[in-house]
Amino acid sequence: MAFSAVITLTTAGADTGPFNLYSDIDGFVTPFETGVGKAALEAGYLSSLIPDGTSIVRVKSTSLFCTNYINLALPTTTTTTTTSTSTSTSTTTTTTTTAIPETVSIDACGSQQADPSGNIVIYVYASVPVATTLTVGVTWTSSDTSTVSGTVTILAGETCGTTTLVVDPNETGANLEITSITPGSFGGQTYFENTETLSTECDVCPIP
């Protein structure tokens, strides 16, 4: 069985596309749609082939020049249940509404190489201002598989946080991983890990 939902890609590089779409129900192994155009996704693509039970859709570029992907959380359906009881003199109606939670993606970017003092700068970004202060665990792995871990704080109402980890001078990184997000949800928002990138030029946090 499948259901329909609109999938929208808000940012896409010049070298990306077309895209394949994957579901989290099989660990993003087999695409349920292939060859979806970038323009269609940027305009809001209505897919009617999303497998039942899917909560996150992975949109992955199949370009020879870029195979990056982004995970997009699907909103849950709003369900309203109404019950009524009647007597000869009165009627009581109770309505319960389940709100659609706001899904907030959490991305990380870290230094590709340590500076001469061994400093690695890690930035963590939220897709919208967070409703509460988040503590995000991160692990940076070097090319020789040694690791260093730390936490990044995004203050309530902000979209970015940063920290500095210390490794050997000029050490090169091989991987960056978000290991935890605390809390996982708050005030109608649900937080999920999206992308982790090593780069020589991460976007810095804006000055409050």
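1. A residue counts as buried when its relative accessible area is under 20%. Keep that cut-off in mind while looking around this predicted model. Y125, for instance, has a relative accessible area of 19%, so this tyrosine falls on the buried side of the limit. Y123, at 15%, is buried too.

2. Those two tyrosines are worth a look together. A search of the whole structure turns up 1 aromatic pair, and its members are Y123 and Y125: the ring centres are 6.4 Å apart and the planes meet at 10°, so the pair is stacked. For anyone new to such pairs, the description rests on the distance of the centres and the angle of the planes. Here the cut-off for stacking is an angle under 30 degrees, and the 10° between Y123 and Y125 therefore qualifies.

3. Next, please find R58. Which rings does R58 lie over? The charged end of R58 sits over the ring of F28, 4.0 Å from the centre of that ring. R58 also lies over the face of Y69, where the distance to the ring centre is 3.8 Å.

4. Now for the cysteines. How many disulfides does the structure hold? There are 2. Counting the bonded cysteines along the chain, they follow the pattern 1-3, 2-4.

5. One of the disulfides is formed by C109 and C202, with 1.9 Å between the sulfur atoms. C109 belongs to strand β9 (residues 102-111), while C202 is in the segment after β16 (189-199), so the bond ties together parts that are 93 residues apart in sequence. The torsion about this S-S bond is about -80°, which means that the disulfide of C109 and C202 is left-handed. Are its two ends buried or exposed? C109 is buried, with a relative accessible area of 9%, and C202 counts as buried at 17%.

6. The other bond to visit joins C160 to C205, with an S to S distance of 1.9 Å. With a torsion of about -65° about the S-S bond, the disulfide of C160 and C205 is left-handed. C160 is buried, at 12% relative accessible area.

Terms used:
Residues are numbered from 1 along each chain as its sequence is written. This is a predicted model: local features need pLDDT of at least 70, side-chain atom pairs count only at pLDDT 80 or more; totals for chains, interfaces and linings use all residues. Side-chain values use heavy atoms; hydrogens and water are left out. Rings of Phe, Tyr and Trp (its six-membered ring) pair if their centres lie within 6.5 Å; planes under 30 degrees apart count as stacked, over 60 as edge-to-face and the rest as tilted. Buried means under 20% relative accessible area, exposed over 50%, partly exposed in between (1.4 Å probe, protein chains only). A charge sits over a ring if NZ of Lys or CZ of Arg is within 6 Å of the ring centre and within 35 degrees of the ring normal. A disulfide is a pair of cysteine sulfur atoms within 2.5 Å. Helices (H or I, at least four residues) and strands (E, at least two) are DSSP runs, numbered from the N terminus.
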